[in-house]
Amino acid sequence: MKPQDKNVLKSRGGLTAKLIFTYFLILAVSFFILTGSFYFLLRVSLFRETLEQLKKQGEILSRAYTVMEERRGPLGSFGEKEFFKLAGRMVVPKFFVLDQNDRVIASNLDKIIPEGIKMNEKALKNRRTISGKNFIAYNVPLKGASGEEQGTLVLVSDIGDIKAYNRSILRILLYSLVISGIFTLAIGFLMASGITKPLRKLQNHAKKVAGHIFEGSINLKTGDELEDLAESFNYMTERLKEYDEFQKEFFQNVSHDLKTPLMSIKAYAEGIKDGVFEGKEREEGIDVIIKEAGRLKNMVDDILLLSKLESVKDAYNFADIDILDVVREVWEKVEVIGKNQGKKMQLGIPQGRIMIKGDGEKLVNALLNILSNCIRHADSTVMLKVLQEAGRIKILIRDDGEGFKQEDLKRVFRRFFKGEKGDSGLGLAIAKAVIERHGGSISAANSRSGGAEFQIILGLAE
Ligand SMILES: Nc1ncnc2c1ncn2[C@@H]1O[C@H](COP(=O)(O)OP(=O)(O)OP(=O)(O)O)[C@@H](O)[C@H]1O
Ligand SMILES: [Mg+2]
């Protein structure tokens with residue numbers, strides 16, 4: 001592992017803390033908003049409720065006063081004070097009574113509003129401050145039996161009481177914040193570790209893969225995106241493993257296949273130099289050197305072509321082409337070779353044109369690879385047939401040779417796979433890469449007569 005890789009994969013941690021903090025913050029914010037609005041609403045409704053109570057009690061007293069007045073005479077006369085005191089004790093918590101001159105004639109707030117003092121009742125308000133204390137107040141006119149106003153009853157309630165009540169509710173709410181905070185922390189911790197644990201597993205796996213250890217897979221059963229991520233991770237590991245093995249195999253194959261011709265070139269060249277080969281043998285040696293060097297060049301060309309076909313995106317020049325032109329061009333090249341080897345070459349193509357989107361040069365190369373195999377393996381006949389089907393074309397290439405061994409059928413398109421009569425094992429891999437890049441498919445099988453049969457399917461140009 002390179003030093004910078006270690007840096008990339010270092011463990012940072014802190015996700016648990018971040019998650020818990022976020023979780024807690026959400027709880028605290030929503031709690032404060034809720035508590036704030038609840039507190040405000042409670043205050044307003046308590047104020048309204050108190051005023052309503054004062055009003056009701058005031059009206060009862062006022063009505064009682066009017067009834068009593070018929071029997072007892074006007075306000076201030078004997079007995080009125082006692083009436084209010086008695087009534088006040090029964091009904092109202094705090095009150096005072098003013099006569100028509102705003103003089104206090106009865107009060108159960110003796111310390112704040114003693115009897116006998118004069119009040120300014122002109123500016124009547126529901127909220128008022130008396131001797132530095134805040135009150136909610138409600139004024140009721142006191143009327144005689146004939147309806148004339150004789151004085152005012154002022155009912156009051158201490159705002160401090162409401163505030164104290166409010167404060168006790170707030171205290172309860174704060175306690176519940178603390179308790180729910182503790183629960184939040186506990187749940188948050190459990191939740192966060194539910195997330196960070198699988199992440200840590202993924203991280204450890206990534207470290208292993210980075211170190212070329214592809215064994216084992218991650219098994220997460222979280223039922224969410226993390227499980228998907230783990231599956232993608234396993235898939236990626238699998239692909240990397242394949243690639244790793246492929247690369248090793250590739251280098252082994254390449255070095256082995258390059259070594260063999262290089263060895264014979266070296267042996268002949270040394271023999272010629274040392275005078276071991278002379279005359280005819282010398283000529284033959286030079287021929288071997290030329291032939292093997294040519295083989296090496298072809299192999300290197302094929303390797304380069306294959307890697308280009310599989311990796312470089314713009315290795316292809318797609319255009320509207322007539323596939324029959326491609327087939328005729330290939331046939332022209334292989335017919336002579338086949339005939340020279342005494343093979344019967346049979347071509348069957350339909351009339352007219354069959355247009356496809358493709359790279360003619362690459363397709364020629366692909367078909368050449370397949371046909372040169374067939375010529376090499378055929379006993380007597382090589383056949384190529386083009387069939388036009390609904391929306392696609394089928395190219396059948398067949399020979400009457402020994403065909404494929406059953407166990408080889410799966411491997412013939414692999415790079416460097418070669419059978420007994422094989423050469424470098426790249427031809428069919430190139431053909432497959434080209435056909436698949438054209439959106440087509442290629443398969444190999446043994447024909448009924450036993451020889452090899454290739455089937456290529458390509459889509460037509462739209
Ligand atoms: N027509 C065929 N009949 C029988 N076996 C075949 C035929 N075509 C291919 N094979 C088998 O498949 C193997 C792979 O073929 P491929 O064309 O990829 O490689 P190659 O012919 O050995 O070498 P290259 O084409 O790179 O020069 C061959 O070695 C051979 O064993
Ligand atoms: Mg071949």
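**Talking through the helices and cores**

Colleague: Asn166, buried or exposed?
Modeller: Buried, as Asn166 has a relative accessible area of 1%. Buried means under 20% relative accessible area, exposed over 50% and partly exposed in between, with a 1.4 Å probe and protein chains only.

Colleague: What are we working from?
Modeller: This is a predicted model, where local features need pLDDT of at least 70 and side-chain atom pairs count only at pLDDT 80 or more, while totals for chains, interfaces and linings use all residues. Residues are numbered from 1 along each chain as its sequence is written, chains are lettered from A and ligands numbered from 1 in the order in which they are written, and side-chain values use heavy atoms, leaving out hydrogens and water.

Colleague: OK, where does Asn166 lie, and in which helix?
Modeller: In H4, residues 159-210. Helices (H or I, at least four residues) and strands (E, at least two) are DSSP runs, numbered from the N terminus.

Colleague: And what is Asn166 in contact with?
Modeller: Tyr39, Leu42, Arg43 and Leu46, leaving aside neighbours within four places in sequence. Contact means heavy atoms within 4.5 Å.

Colleague: Switching topic: how many residues has the largest nonpolar core?
Modeller: 55, and those with the most contacts inside it are Ile323, Leu363, Ile370, Ile397 and Phe454. A nonpolar core here is a set of buried Ala, Val, Leu, Ile, Met, Phe, Trp, Tyr and Cys residues joined through side-chain atoms within 4.5 Å.

Colleague: Where does the largest share of this core come from?
Modeller: From H8, with 8 residues. The core also draws at least three residues from each of domain 2 (225-311) and domain 3 (316-459); those bounds come from an automatic or database domain assignment. Apart from it lies another core of 23 residues, including Leu42 and Leu46.

Colleague: What does Leu363 touch?
Modeller: Ile321, Ile323, Val326, Ile356, Val434, Ile435, His438 and Leu458, not counting residues up to four places away in sequence.

Colleague: At what angle do H8 and H9 pack?
Modeller: About 145°, with the axes of H8 (360-377) and H9 (427-437) 8 Å apart. Axes are lines fitted to C-alpha atoms, for helices over the stretch in contact, and angles run from 0 to 180 degrees between N-to-C directions.

Colleague: Which residues make that contact?
Modeller: On H8 they include Leu363, Ala366 and Ile370, and on H9 they include Leu428, Val434 and Ile435.

Colleague: Why is H9 described as largely enclosed?
Modeller: Because 8 of its 11 residues are buried. Among them are Gly427, Ala429 and Ala433. The buried residues of H9 pack against helix H6 (279-311), H8, strand S11 (441-446) and strand S12 (452-459). Just after H9, Gly439 takes a positive phi of about 75°.

Colleague: Which residue has a positive phi of about 60° although it is not a glycine?
Modeller: Asp102. It is found in the loop between strand S1 (94-99) and strand S2 (104-107), and counts as buried at 11% relative accessibility.

Colleague: And what about His212?
Modeller: His212 has a positive phi of about 65° and is not a glycine. It sits in the loop between H4 and helix H5 (225-273), and counts as exposed at 52% relative accessibility.

Colleague: Last one: Lys291, buried or exposed?
Modeller: Exposed, at 58% relative accessibility. Lys291 is in H6.
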